[in-house]
Amino acid sequence: MKRSRINDLITEGDEMIRRHGFVLPPFAYWTPDEFRANAARARAVIDARCGWDVTDYGAGRYDQMGLLLFTLRNGRLADLRRGGGMCYAEKLLISKQDQLSPMHTHVIKAEDIINRGGATLVIELFGSDSEGKFAEDRGGTVFCDGIRRDYAPGEKLKLTPGESITLMPGDWHAFWGEGGDVLIGEVSTVNDDETDNIFREPIGRFAQVDEDTAPLHLLVSDYGMHLPQGRRA
């Protein structure tokens, strides 16, 4: 993806987020120079990979397959392993009309996906086989706003603004906006986008960036190149 397009998408995304009554934290608006100047104080943000994420899944077709995300907070894997402490994460996402987030599941992460506003969010669901792999002939059980719902293989659930679904590891899912763009909330266990996204097809999680202009704001995938690095616990 061209950096200029990423910059435009971040600006558009922030405008949509604000239209729906959400305001992002101050570090969302830091320039790269401001992020570098605040790197020591922002160590927890950097290590948790909080911030902007714009992906076309490496396919180069963002309008057809892509997602814009902002990770607001993310817990510590060490806390999750010991069963106490900061074991949660929260994101905002924007799924554009008919823009696919491709079929995937998670090994560790359970998540609530919430339609925070805009159009209808469509979620396509499949179950797993005994090894956790995609099973086109298996359904499963989810909870929508706390109400149990069994789903058939390939069933498409539609969430209108205010509605939510709880997805557990092994619930294979893809999603997109229907009738317009959708602002999505995600509340989950600790999030590790580098290792805990298991896609049905062999695609990438992050975009390859063509640096045709300077970044307006850093992506989480930029931190390793632009910021001092430490080890996350």
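This is a predicted model: local features need pLDDT of at least 70, side-chain atom pairs count only at pLDDT 80 or more; totals for chains, interfaces and linings use all residues.

Me: What makes a space a cavity?

Reply: A 1.4 Å probe fits there but cannot get out, so the space is called a cavity. The largest cavity has about 150 Å³ of space. Its lining has 17 residues; closest to the centre are Tyr 57, Leu 67, Leu 69, His 104 and Asn 197.

Me: Which elements give two or more residues to that lining?

Reply: They are E2, E3, E4 and strand E11 (172-189). E4 gives the most, with three residues.

Me: How do you know that E1 and E2 pair?

Reply: Pairing needs at least two bridges. Strand E1 (residues 51-55) and E2 are joined by five and run antiparallel, so they pair by that definition. Thr 55 stands opposite Leu 67 in E2.

Me: What about E2 and E3?

Reply: Six bridges join E2 to strand E3 (residues 88-95), again in the antiparallel sense. Asn 74 has Ala 89 in E3 as its bridge partner.

Me: Why is strand E2 called mostly covered?

Reply: Buried means under 20% relative accessible area. Seven of the eight residues in E2 (residues 67-74) are buried.

Me: Why is Ile 108 called partly exposed?

Reply: Its relative accessible area is 47%. Buried is under 20% and exposed is over 50%. The value lies in between, so Ile 108 is partly exposed. Ile 108 sits in the loop between strand E4 (101-105) and strand E5 (111-128). With Val 107 and Ile 198, Ile 108 makes a nonpolar surface patch of about 260 Å².

Note on methods
Residues are numbered from 1 along each chain as its sequence is written. Side-chain values use heavy atoms; hydrogens and water are left out. Patches are made of residues with over 30% relative accessible area and no salt bridge: like charges are joined within 9 Å, nonpolar side chains (Val, Leu, Ile, Met, Phe, Trp, Tyr) within 5 Å. Accessible areas come from the Shrake-Rupley method with a 1.4 Å probe; for residues, only the protein chains shown count as cover. A salt bridge is a side-chain nitrogen of Lys or Arg within 4 Å of a carboxyl oxygen of Asp or Glu. Helices (H or I, at least four residues) and strands (E, at least two) are DSSP runs, numbered from the N terminus. Buried means under 20% relative accessible area, exposed over 50%, partly exposed in between (1.4 Å probe, protein chains only). On a 1 Å grid over the protein atoms alone, a cavity is a set of points where a 1.4 Å probe fits but cannot get out, and a pocket is an open set with protein on both sides within 12 Å along at least five of seven lines; lining residues have an atom within 4 Å of a point. Grid points are joined across faces, edges and corners, and a volume is the space filled by probe spheres set on the points.
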